[in-house]
Each structure stands twice: as structure tokens, then as C-alpha cells.
Amino acid sequence: MRSLFRAELRKAHRRHDLLVILLIAAVVVFLSCGNHHPDPAAGYSALFYAMPIMNALIMSTGMAVLASRIWDVETRGNTCKLLFTLQTRSSLYVAKALLGILEIALIGLLECIAVAAVGAFKGYTEPLEPSQLIWLFVCTFAVSLLLFFFSFALCLYFPSQVPALAFGLAGSLVGLFSGFMPRICCYFIPWGYFIPLSAMETGWNPETRELWYIPRPFHGALLVVAGIFIVLLIAAGYKLMQKKEV
């Protein structure tokens, strides 16, 4: 298995997956910084509020792109039959799943590093709460995994990656709009789970036009639901790999 995973890493290097990862994280951070509160005493709160929204907009499409690229090298030349004679279907699926997990973890880590870097660069006076930073990573990682394995299952089910990319684009729009729906609706839209899992919400005074940020409790139950979806999607993808015709 170790040699198979190293082979997947070499494929990722040739596909320039690192550039895609950096681009996804950079777009999320750039759009989040564009929604900053001007007060440096609330800078980190503004980031923790904006980044889940931007993740809901970007990650569905981003995960579809990653999943399609990870599987595309096997389908472009119709080489599945050759691959399945060189290695087992199970080992191929596990190696690609591990690669996807590693790349998603890197995206989450880059976002967290960017939060600290932006705060230092802009001179935020608000203390950076480690618990909120860890929560941002955990939620970004978990929901992105859910979206990745959903897209990966679509890549395995359909003969091309177009349906996965189409679902990814639609999921980005649905995920973003879920943030403007009643809170109860957000729980039924996995593409937008980033938003209800956010550790920060806003208050607004229409008379003074004053905006402030309010920490809210971590939503552990919804994170567990996301974990259940991940397990189900991994199992579904594994079965699709076993039954895939070549």
C-alpha cells in the first residue's frame, strides 16, 4: 500500500495538484478578506465569520475539481482495465482516498495559517482564539471531505467527470444561498454545512448601522452528522469501485 500511495503522490505532482490546492485556499482567503470589519479589534472575528461563507461558495466546486483530477488519469486513456490487472480495486480506491484526504487537510491547514498571517499583517489587536482556529480547521476538513467523496462517487458512477463538476457548481450556489435560508433549512443542505458550523455570527443595529460579531457554541451534533455522511459516501465509493465495468 505504501508504494501505491507513493505512486499516487507522483501522479499528483505531474498533475500539479499543489497549484490547485493553493488556488482554492487563496481564493477563499482573498474573498474572506474582502469582507473584513474595518476595526482591527474585531478582525479575527470577521475572518471566522466570512471564511465559512466563502468555503460554502468555493469548496463544492473545488472538491469536484480535485476528485475529477484524481480519477481523470485513470479514465482519460480508458486504462482502468490495465490498472485492475496491476493492482486490486480496493488498493486503488484506498490510495486515491488517502491522497484526497491529504490534499483536503492541506487546504484546511493553509486557511488556518492564512488567518494568523492576515492578522499579523493587518495588525489585528483582537486576541486569536486557538479553539476557534482549530474548529475552523476541523469543520473545513470534515465538510470538504464530505463534498470530495460525493464528487468522487459521481466520478466512479459516470463515465466522465462532467456530472461531478456540474454537481459541484450547483452545490456551490446552493451552499451559498443556504446561508440566507432559515437555520433549520441549513441542516438539510450538506453543501452549505460550513455556514451553520461557523463559530461566529453577527448582530446588526439598523438605527446606528452598527455591525458586531457574536461567538456561538460549536455545533458538535452537525459535525457528527457530517461524519456519518462521510462514512456512507466512502462505503458507496468503495462499492462503485468494486462494481465498475472496464
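How many nonpolar, polar and charged residues does the lining of the largest pocket have? The lining has 10 nonpolar, 3 polar and 3 charged residues. Ala, Val, Leu, Ile, Met, Phe, Trp, Tyr, Cys and Pro count as nonpolar, Asp, Glu, Lys and Arg as charged, and the others, Gly among them, as polar.

This is a predicted model: local features need pLDDT of at least 70, side-chain atom pairs need pLDDT 80 or more, and totals for chains, interfaces and linings use all residues. Residues are numbered from 1 along each chain as its sequence is written, and side-chain values use heavy atoms, without hydrogens and water.

On a 1 Å grid over the protein atoms alone, a cavity is a set of points where a 1.4 Å probe fits but cannot get out; a pocket is an open set with protein on both sides within 12 Å along at least five of seven lines; lining residues have an atom within 4 Å of a point. Points are joined across faces, edges and corners, and a volume is the space filled by probe spheres set on them.

| Space | Volume |
|---|---|
| Largest pocket | about 300 Å³ |
| Largest cavity | about 90 Å³ |

Tyr49, Ile53, Gly179, Phe180 and Ile195 are the closest to the centre of the largest pocket, out of 16 lining residues. Helix 3, helix 8 (183-186) and strand 1 (200-205) each supply at least two. Helices (H or I, at least four residues) and strands (E, at least two) are DSSP runs, numbered from the N terminus.

The count is 1 cavity of 30 Å³ or more. Helix 6 (130-157) and helix 3 (43-75) each supply at least two residues of the largest cavity's lining. Helix 6 gives the most, with 5. Among the lining residues are Phe48, Trp135 and Phe194. This lining has 8 nonpolar, 4 polar and no charged residues.
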